[in-house]
Amino acid sequence: MRLLLCFAGLVALAALALCDSDKKATVVQEADSAALASALEEHDSVVVVFVHTRKHEQANLVAMNQLEKAAEAVAERDVVFLAVDCNENTEVCKEYEVNEQPSIRVYSGGAGVYKYTQAVLLQDYVTNFIKKYTAPKYEVVKSFASFKALLRSKPVLVMVVPEGSTDKSIKSFEHATSQLFELIPCYMASLLPADLMLFTEYTGLEALQIGIVRPPGNFPGSEVLVLPYEEEQVSRKRIVRWAKKTIPAQLYDLNNESDQFVLNQLHANKPLFETIVPYSKKEEADRLKNLLRAVVGDFEGRAAFSIADSDKMSEMILFRNGVSSGKGTYIRQDGKLYVLENPTKMEIRKFVNNVLSGAAKPVNPSERPPENPLENGVVKVVASTYRKIVLDGEKDVVVFFYLDHALCKPCADVLELFEHTAAMYAHHPEIVFAKVDLSRNYDMPAPRISNFPSIRMMQSDDKFSHNVYEGGRNAKDLGVWVLDAATFEFKPNYDIAPPTAGAAEADDAAAAGGEPQELSGDIV
């Protein structure tokens, strides 16, 4: 009841705003199916918070209050703010695929839908999200000179519109930009006859045509790619489908968030060549960027290229990427590291072709299988033996994922605890304890691990729903977890004494004149 009253209070604020006929409503209004459909038809952008008045009371209030404040930042735009109660409008929430509340979404341009995906509701995040996705998805340029000045280093999507034209294809272009603006800069060239003539002479695009214009000299082949449809055939879907296939490949800077987004959206399934170089050496970094830009077009559709600043990477990230320092130039592809010394345009082309064909040899292949993989009761697993050992459907396998001691100081100490637990189960052949050094096995077919060390149980009957150990660094907790997670019945040997502090801690304790202590803390 309290939330319903608060909800009613917010609706009352909306009513007060509506009383001022000279101003647009910029407060959250209650909406049902008809009101939502009407708003989507009439407004450029509609911001909706889906709530449930019987659940998440505090979060609902926070979300709605934040929309009230965010509305002030976009008061000059054609934006309406709505609140839909999924308790009262179940079918609406099903239709719009709302599975959790509160959920904030922006519907823009009649086609684009954007979801607020941050884990927490913070006012700055919510306001910036709404400002970004309610903004025009394309920019209008009024002269040929203005358009030409836009062409710097990236291609642009443009529609040529004679000033005053109302052709229906214009609306299709506007709707398409709501799905494309994050992938390529979008422009509408609204030109007078004299400028239209210059524009057509320069680009080849005529009135009401849509094309992708490349910056002069930066790409091989034609400078302009034209949408292959007549005016009456143009639709939002056709524009979007064509543009996503046609947007030219380019060199993506991984220090730029928008470049990362485009790379993930357009090239997720292509081999990625990553160049890691210190930007602090500006002359060398600029030389490499220019060389890479010159060859990107040669591998259109076959590969993607990115560059990253090793100065901004931590030692752990560099190490896990196979780069031991930030002083060199490296290229990674599909997790393997290749080094090209003294790159030139011709050498880069040859090098990339060799990598794609399999002729090039990586400098950091995974470790070779050891002659005797059993070390202190734990099986050492490398990339080539992972599937055979870990995915054995006849056994439960407990896996210890770790990094080199230089990168993960707790790993060595937790390994001692893991080896002790393995000894407790050594008389049971149905369970295997294995360890994987992910800093030396780059193409390991293992799950993605973000925290180290990590201990996981791969059960005999389900190798993909991993049980992750999140307990303390002590033999008792780990032993109990193994018994609970295992699919077989085991009787561990509790007569084996638990370890004291690990080697590193023992050395530190001895140097300080103290006694080593039992391991403590949690594994996360």
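Against which elements do the buried residues of α16 pack? In this predicted model, local features require pLDDT of at least 70 and side-chain atom pairs count only at pLDDT 80 or more, while totals for chains, interfaces and linings use all residues. Residues are numbered from 1 along each chain as its sequence is written, and side-chain values use heavy atoms, with hydrogens and water left out.

The buried residues of α16 pack against β18 (396–402), α15 (409–424), β19 (431–437), β20 (454–459) and β21 (462–468), contact being defined as heavy atoms within 4.5 Å; helices (H or I, at least four residues) and strands (E, at least two) are DSSP runs, numbered from the N terminus. In helix α16 (residues 475–485), the buried positions are A475, L478, G479, W481, V482 and A485, where buried denotes under 20% relative accessible area, exposed over 50%, and partly exposed in between (1.4 Å probe, protein chains only). Viewed down the axis of α16, these buried residues fall within an arc of 160°, so they line one face of the helix; the arc is that of the directions from the helix axis to the C-beta atoms. Exposed residues K476 and D484 are carried on the face of α16 turned away from the buried side.

An open sheet of mixed pairing is formed by five strands in the order β6-β8-β7-β9-β10, two strands being paired if DSSP finds at least two bridges between them. The edge strands, each pairing on one side only, are β6 and β10 (224–226). Strand β6 pairs with β8 (residues 186–191) in the parallel sense over three bridges, and V140 stands opposite M188 in β8. Helix α8 (residues 193–203) packs on the sheet, where it touches β7, β8, β9 (210–213) and β10, and its direction makes about 130° with that of β8; axes are lines fitted to C-alpha atoms, for helices over the stretch in contact, and angles run from 0 to 180 degrees between N-to-C directions.

Eight salt bridges are found in a search of the whole structure, the criterion being a side-chain nitrogen of Lys or Arg within 4 Å of a carboxyl oxygen of Asp or Glu. One of them joins K154 to D259, with the closest N and O atoms 3.0 Å apart. Because K154 lies in the loop between α6 and β7 and D259 in helix α10 (residues 257–266), the pair ties together parts that are 105 residues apart in sequence. D259 counts as buried at 7% relative accessibility, whereas K154, at 33%, counts as partly exposed.
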